[in-house]
Amino acid sequence: MDKFIINGGKKLNGSICVPKAKNSYLAILAGCVLSSGIVTLHKCPNFVDVNKMLEILEILGCRIERQDDNVIIDCRFIHNYKVPNELAKQIRSSIFLLGPILARLRKAVVCYPGGCDIGARPIDLHLKGLKSLNVEIIEKFGIIQCDAKEIKGNDIHLDYPSVGATENIMMASVLAKGTTRIFNCAKEPEIVDLQNFINKMGGKIYGAGSDIITIEGVEKLSSVEYTPMPDRIIAGTYLLGVATCGGDVLVKNVEFEHIFSLITKLRDSGFEVIKKDDSIRLISNKRPKSFGKIETMPYPGFPTDMQPQALVLQTVSEGVCVVVENLFETRLKHVPELVKMGANITLKDRMAIVSGVEKLYGAEVCCTDLRAGSALTIAGMVAQGQTILTNVHNIDRGYDHLENAFNLLGADIKRV
Ligand code: EPZ
């Protein structure tokens with residue numbers, strides 16, 4: 001059951017609700033380790049990476065209970081500071097556990113993390129930041145061993161506004177002695193969500209969403225109930241699906257500001273995009289015009305996690321679009337797969353020049369990573385004929401049966 005058979009050419013109509021955010025849930029689940037109480041998180045999404053993170057928390061000593069779509073995490077008895085290798089190397093977010101485990105237990109052992117194969121994905125900024133907080137780190141045979149007699153607050157400047165490094169250092173500082181300031185930190189909405197979650201437990205973090213985050217160390221964190229933010233990348237995936245295939249769809253449970261970069265591109269290229277409370281309606285009833293240029297940047301720039309899906313729209317849009325992937329070295333693996341479907345794309349390093357064609361044609365293509373998989377699903381939906389997409393387990397890392405969501409709107413996708 002690791003393939004999609006997609007019969008293309010169907011328009012998308014109706015309404016669909018966006019689940020809670022994978023990249024917020026993953027950071028918040030790591031943040032649970034900081035709590036000496038019981039954490040209740042609402043509307044926990046059924047994503048493979050989230051389920052793997054919950055497995056790791058259980059091995060660290062958390063007691064996990066599901067109540068409908070809520071997850072209750074009893075963090076009172078956390079005692080294990082070693083993250084199991086076989087799970088840690090499957091997901092990127094395992095590295096985010098370093099900070100909270102150190103803050104709670106003063107020791108932490110994690111192997112090099114996994115995650116989508118979209119580039120080198122170094123962790124130097126994570127480790128440099130932790131060392132600035134008086135953490136001793138030994139890296140040997142791919143294992144990172146950390147010791148911190150006492151975590152001391154400090155001023156830290158990040159060479160690059162790394163999301164994970166910002167989250168890791170934030171969480172390492174929450175129970176530290178003194179104050180930490182992170183300069184040139186990431187400004188993604190998931191960072192703001194993590195700040196709000198930790199502050200609701202009694203933390204003292206200020207400035208998330210700006211260039212400098214301040215964390216005042218506190219003694220301990222309490223129990224909390226929290227509902228993370230909606231998944232801005234899934235919202236964008238749905239909107240790009242209907243923009244590409246045509247139709248009229250209402251996407252519900254969206255933070256408009258979180259995807260304003262995409263909304264602007266869609267409106268500038270002629271789509272009707274209507275904001276209604278926490279929903280966005282997109283009407284696509286004529287051949288789209290090219291975006292002209294897509295340049296991925298840290299938030300609030302155009303998100304790299306939406307680049308593959310937006311690139312598919314460009315393959316059938318009128319005109320030429322220059323797509324530049326600035327964050328990850330090899331996040332254009334979907335391009336050769338799209339060329340098999342008749343797309344006209346010239347690839348040079350991190351740049352793809354996309355000349356829109358009238359039609360894509362069904363072919364057998366491979367899902368190389370999570371977002372490339374969602375992009376190729378959209379390509380199969382717009383293509384004439386049948387597409388076979390293999391390795392769809394990659395899509396399940398960050399979507400709960402993406403095929404069901406699009407079929408609800410009129411697509412014809414079977415998982416076999
Ligand atoms: C997070 O990954 C997300 N993952 C990614 O989403 C997302 O693409 C990325 O942020 C950028 O927004 C999760 O939150 C679980 P980074 P992360 O550290 O933290 C360089 C998805 O599809 N860098 O901001 O790994 C790095 O090489 C996934 O949902 C260093 O140089 O991203 C890259 O060029 C994919 N040294 C850039 O920063 C470091 O120590 C951005 O990486 C860390 C990062």
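Me: In which loop does Asn134 lie?
Reply: This is a predicted model, in which local features need pLDDT of at least 70 and side-chain atom pairs count only at pLDDT 80 or more, while totals for chains, interfaces and linings use all residues. Residues are numbered from 1 along each chain as its sequence is written, and side-chain values use heavy atoms, with hydrogens and water left out. Phi of Asn134 is positive, near 75 degrees, although the residue is not a glycine. With helices (H or I, at least four residues) and strands (E, at least two) taken as DSSP runs numbered from the N terminus, Asn134 belongs to the loop between H5 and E7.

Me: Which residue takes a positive phi in the hairpin of E7 and E8?
Reply: Strand E7 (residues 136-140) runs antiparallel to E8, the two being joined by five bridges, where pairing requires at least two DSSP bridges. Across this pairing, Glu139 stands opposite Ile144 of E8. Two residues separate the strands of the hairpin, and the positive phi, near 50 degrees, is taken there by Phe141.

Me: What is the bridge partner of Val109 in E8?
Reply: Strand E8 (residues 143-147) is also joined to strand E6 (residues 107-111), again through five bridges and in an antiparallel arrangement. Within E8, the residue that partners Val109 is Gln145.

Me: Which residues are joined by a cis peptide bond?
Reply: Pro300 has its place in the loop that connects strand E17 (293-295) with helix H10 (307-315). The cis bond there, with omega about 10 degrees, joins Tyr299 and Pro300.

Me: Which helices each supply at least two residues of the shell around the ligand?
Reply: Around the ligand there are 23 residues, of which Asp124, Leu125, Ser162, Asp305 and Leu327 come nearest, a residue being near if one of its heavy atoms lies within 4 Å. This shell divides into eleven nonpolar, five polar and seven charged residues, with Gly counted as polar and Tyr as nonpolar. The helices asked for are H1 (22-31), H5 (124-132), H6 (163-173) and H12 (370-382).

Me: How much of the area that the ligand exposes when taken alone does the protein bury?
Reply: Polar contacts (N or O pairs within 3.5 Å) include one at 2.4 Å between a ligand oxygen and a polar backbone atom of Leu327. By the Shrake-Rupley method with a 1.4 Å probe, the ligand alone exposes 830 Å², and the protein buries 91%.

Terms used: A polar contact is a pair of N or O atoms within 3.5 Å; within protein, one must be able to donate a hydrogen and the other to accept it, and residues adjacent in sequence count only if both atoms are side-chain atoms.
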